[in-house]
Amino acid sequence: MLASYEALQLVRNTPDSTTLKPSTDIVLAAGIQFVASVLLWVPSAILLLDDAAMYRQYSAAAASPHAVISLPMRSHAYYAATVGAPICLSLLGVVTGRGLLRMRNWARRVTLYMATVPVCICGVLLKLDKGGPLDFLPVFVWPVFVILLPVSIWWWVLFTRKGVRSQFR
């Protein structure tokens, strides 16, 4: 039984001629996903660490017997939106980027979803914008839209080509 397990491991770990290497464009797309994931993760981590430091500072001040201090509390929805969602999306980007480097078809599909959904959300936000006097939404959404649109088009062109699609398994 042990010999067959070792033989299976040898066969599994032996490189063969059917293993495809990703093209430069695919490696670049995976690299962009890794960088974007880090850029999405870092502000959330900084916010979480800052809140933890503030909590420690308030807890120490509130420990004195004559302190009349109340700890500022943020809601669970706040942490879900500003910490949880970005960290989950960045993890999805890292896992998908690794899947692209390993030429997995699910990673190609998820990359197409990740190229489409943010652009559509930006487009809807810009379309629904009412343009009030203190409206800062376009200031933040337009630059994101301008950056994401060409990347999205490039990824759709790259990952929907018949030659590229056939390389993924």
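In which helix does Val95 lie? Val95 belongs to helix α3, residues 76–101, where helices are DSSP runs of H or I of at least four residues, numbered from the N terminus. The views below show a predicted model, in which local features need pLDDT of at least 70 and side-chain atom pairs count only at pLDDT 80 or more, while totals for chains, interfaces and linings use all residues. Residues are numbered from 1 along each chain as its sequence is written, and side-chain values use heavy atoms, with hydrogens and water left out.

View 1. Val95 counts as partly exposed because its relative accessibility is 47% (buried means under 20%, exposed over 50%, partly exposed in between, with a 1.4 Å probe and protein chains only).

**View 2. The largest nonpolar core.** This core has 13 residues, of which Ile26, Leu100, Leu158, Phe159, Val164 and Phe168 touch the most other members (a core is a set of buried Ala, Val, Leu, Ile, Met, Phe, Trp, Tyr and Cys residues joined through side-chain atoms within 4.5 Å). Two or more residues come from each of α2 (24–62), α4 (105–128) and α5 (137–160). A second, separate core of five residues includes Cys122, Leu126, Val141 and Phe145.

**View 3. Contacts of Phe168.** Leaving aside residues up to four places away in sequence, Phe168 touches Ile26, Leu100, Met103, Arg104, Asn105, Arg108 and Phe159, contact meaning heavy atoms within 4.5 Å.

**View 4. Trp41.** Trp41 is placed in helix α2, and its relative accessibility of 41% is why Trp41 counts as partly exposed.
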